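Here's a quick briefing to read with the structure open beside you. Take it topic by topic, and find each residue as you go.

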Amino acid sequence: MRHPLALTLYLSLTALDGGGPEEALPPPRPEGPLLWAQADGPARLPGLTALAERLAREDGVATLVTLPAASLSALPPAGGTAPAAFAAALSQPPLLRPVPSESAGRIAAFLGYWRPSLLLWAGGALRPALLARSPVPRLLCELPPEGPLVGTARWMPGLARATVALFDHALVSDEAAAARLSRAGLPEERMEILPALDPPVPVLPCNERERRDLAQTIGARPVWFAADLPLSEVGAVIAAHRHALRGTHRLLLIVAARDPAEAPMMARAFGEAGLRTSLRAEGGEPDETAAVYLADGPGETGLWLRLAPLVFLGGTLPGGPGGRHPFEAAALGSALLHGPVTAPHDIPWIRLRQAGGAHLVRNTVELGQAIESLLAPDRAARMAHAAWDVATRGAVTLNRLAELVLDRLDRREAA
């Protein structure tokens, strides 16, 4: 295949570095077709792992994910496969390896060993030699939000344009990314705008009979839920609830302690603050006399999310340990409040806020004000719908990517 002059020159320069085989002994290559996905960091792993599971389960396609060496070394070891947090219960989790350098020798050794059937580029600056020397169909999923398109030899005129042209098809998440690719020379018919690739959101379980009984007990009372709450944030939640009660006297707060062993201390703190607290562990009910209903812990989060339209995810206030993945609550139709501690779920929180499905509170005062404001049913409903839309739209991209991968594999087999 003949390349444009800029790419031909770049390939000639990288050919001067012969490189060599991979430094570490790689695991065995799986039998059959192999999707190679190059990711720019661990944040891509959940979505790529979901794609790998889908392809392995339904179509017998294995997946290899390459990452920058620094990102790979920071992950917990799991025998060359995706970390346990991503690979649990998967029939065939993706293999993880360091991405080869731009040297011709390293690329040749990598391709000779793994023999990929298809390359999926998932974010990050483009690597011209790696893409050009890979004699397989190439798909692009996401661009870096800013910075140069190519990661090396940016001084070389025409290199980015020649590299972008190597892709058969591209999925990008907004008009700005599509326009950037178009300016770089990728034809519009090879582009689609779809949401970011996310793994399917797990639907937290719920005992429907209990939900009905509790909903009847609560009746028409307004409710908010402090989910997965650490003891360190009880004071903030008490202050916020007392603030909101001034305008909404029948307001009920449901609390699920992150650590069930801390529930008695939480109950004592609520009582000392003058808030009558009913404990589920003692057979209590969220009736009209209770200002606070203390649940048994995080095990029934799915139940409380279905009962409370407004949710504060604990662990996110300043100094907190971090919270649960927000899509769990968003997928069940909750309007979300959170503090500034969003790691390790920074990207989902940013997307939720941009869509109007989540509200950031920086301190106790802002939490109380937000609860008071968002108790209005119309506001909470708009937020909840926006959050649900963000949390569930990734399935569309997952299905489309699987379709594109299988289509390219079918074409290679027929050729």
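**Cores, domains and confidence**

Start on the inside: the largest nonpolar core has 41 residues, and Trp121, Leu126, Leu140 and Leu181 have the most contacts within it. Apart from that one lies another core, this time of 37 residues, with Ala226, Leu245, Leu310 and Val361 among them. Keep in mind that you're looking at a predicted model.

**A look at Leu126**

**How the chain is divided**

- Domain 1 brings four residues to the contact, and domain 2 brings five residues.
- About 320 Å² is buried between domain 1 and domain 2, and carbon and sulfur atoms give 56% of that area.
- Pro195, Ala196 and Asp198 supply 84% of what domain 1 buries against domain 2, which is more than any other three residues.
- Between domain 1 and domain 2 you'll find a count of one salt bridge.
- Have a look at Arg351 and Asp198 too: they form a salt bridge, with their closest N and O atoms 2.6 Å apart.
- The count of residue pairs in polar contact between domain 1 and domain 2 is one as well.

- On average the chain has a pLDDT of 89, and 93% of the residues score at least 70.
- Residues 78–91 are a stretch to treat with care: pLDDT stays under 50 there.
- For residues 78–91, the model has 26 contacts beyond four places in sequence.

Terms used. Residues numbered from 1 in each chain as written. Predicted model: local features only at pLDDT ≥ 70, side-chain atom pairs only at ≥ 80, totals over all residues. Heavy atoms only, no water. pLDDT = per-residue confidence, 0-100. Contact = heavy atoms within 4.5 Å. Core = buried A, V, L, I, M, F, W, Y, C linked by side-chain atoms within 4.5 Å. Buried < 20%, exposed > 50% of the residue type's maximum accessible area, 1.4 Å probe, protein only. Buried area = accessible area lost by both parts, 1.4 Å probe. Salt bridge = Lys/Arg side-chain N within 4 Å of Asp/Glu carboxyl O. Polar contact = N/O pair within 3.5 Å; in protein donor to acceptor, adjacent residues only side chain to side chain.
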